[in-house]
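Trainee: Could we go through this structure term by term, so that each label is set against its definition?

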Amino acid sequence: MAEDMMNLMLISGEYSRLHAAAMLSAVASSYGKTVNIFVSMEALPTFHKDPQIAEASLIKGPVAKKIEETGGQGFIELFQQAKDFGEVTIYACGLVMDVYHWTLADLNPIFDDVMGVAGFLTKAEGQPTFTF
Amino acid sequence: MEDVKVIDARGSFCPGPLMELIKGIRQEPVGTTFEVWSSDAGSAKDIPEWVARAGHELVKNSEDDGIFKVQVKKLR
């Protein structure tokens, strides 16, 4: 049912958007909500295993820098916690994977699968969906 | 006197204290009471919201010399 599912599209490489999405995912999954996350466009490289690629893709504003300075949890750690708390599935966008010739082995292991936009739309149809 | 499990999240910012509480609640049996210590005022407001939504009991929410102490009983 709609109230038990939430879908997120991560598009931006801005740290603040990724962090906000990660916080929402962790709390929603702790309530028992199923969370589907589709990571596409500039957001996907920020999850690359190579820290140089990931860091170069991240856009950090003053708040993001402050979070880092204060030793707060990073967004990937929060997404991992979200998965530990409940049913959270994270998909890498097939388009971005193809243009970079990446496989799931190139990304942080929090990803479950590669998916196209049609597949995500089918999952998200009729359910609340938020874009970051 | 009921045993209270203290979660010392002082120095951690939102949502850190809440994340620590959620981890604790997942690990302990129903009936366990937790007390989250937080130096973060936002968490003292946000944790009760989570507690209500998640179906647990807010036992106490107080401030002592800049440290917020939120006591929560696991109900399910």
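Trainee: Which residue of E4(A) is the bridge partner of Cys93(A)?

Mentor: Met115(A) is the bridge partner of Cys93(A). Before going on, note that this is a predicted model, in which local features need pLDDT of at least 70 and side-chain atom pairs count only at pLDDT 80 or more, while totals for chains, interfaces and linings use all residues. Residues are numbered from 1 along each chain as its sequence is written, and chains are lettered from A and ligands numbered from 1 in the order in which they are written.

Trainee: What makes E3 and E4 of chain A a parallel pair?

Mentor: Two strands pair if DSSP finds at least two bridges between them; strand E3 (residues 88-93) and E4 of chain A have 3 bridges in the parallel sense, so they qualify under that definition. Strands here are DSSP runs of E with at least two residues, helices are runs of H or I with at least four, and both are numbered from the N terminus.

Trainee: Why are E4 and E5 called edge strands of chain A?

Mentor: The open sheet has 5 strands in the order E4-E3-E2-E1-E5 (chain A), with parallel pairing. Strand E4 (113-115) and strand E5 (129-131) of chain A each pair on one side only. Helix H1 (residues 15-30) of chain A packs on this sheet and touches E1, E2 and E3 of chain A, where a contact is defined by C-beta atoms, placed from the backbone, that lie within 7 Å.

Trainee: How do you know that chain A is as compact as a globular protein of that length?

Mentor: Chain A has 6 helices and 5 strands. Its radius of gyration, taken over C-alpha atoms, is 14 Å, close to the 14 Å that the globule rule (2.2 Å times the number of residues to the power 0.38) gives for 132 residues, so the description holds.

Trainee: Why is Glu63(B) called exposed?

Mentor: A residue is buried if 20 or more other C-beta atoms, placed from the backbone, lie within 10 Å of its own, exposed if 12 or fewer, and partly exposed in between. Glu63(B), which is found in strand E3 of chain B, has 12 C-beta neighbours inside 10 Å and therefore counts as exposed.

Trainee: What makes E3(B) and E4(B) a pair, and what lies between them?

Mentor: Strand E3 (residues 57-64) and E4 of chain B pair in the antiparallel sense over 7 bridges. They form a hairpin with 2 residues between them, and Asp65(B) in the turn has a positive phi of about 55°. Leu58(B) stands opposite Val72(B) in E4(B). Strand E2 (residues 33-38) of chain B also pairs with E4(B) in the antiparallel sense, over 6 bridges.

Trainee: Which handedness has the crossing of H1(B) and H2(B)?

Mentor: The crossing is right-handed, a label used when the near helix is turned clockwise from the far one by less than a right angle, left-handed being the anticlockwise case. The two helices pack at an angle of about 35°, with their axes 9 Å apart; axes are lines fitted to C-alpha atoms, for helices over the stretch in contact, and angles run from 0 to 180 degrees between N-to-C directions.

Trainee: How many residues take part where chain B touches chain A?

Mentor: In chain B, 8 residues are in contact with 10 residues of chain A. Helix H1 (16-27) and helix H2 (41-54) of chain B each supply at least two residues of the side of chain B that touches chain A.

Terms used:
Contact = placed C-beta atoms within 7 Å.
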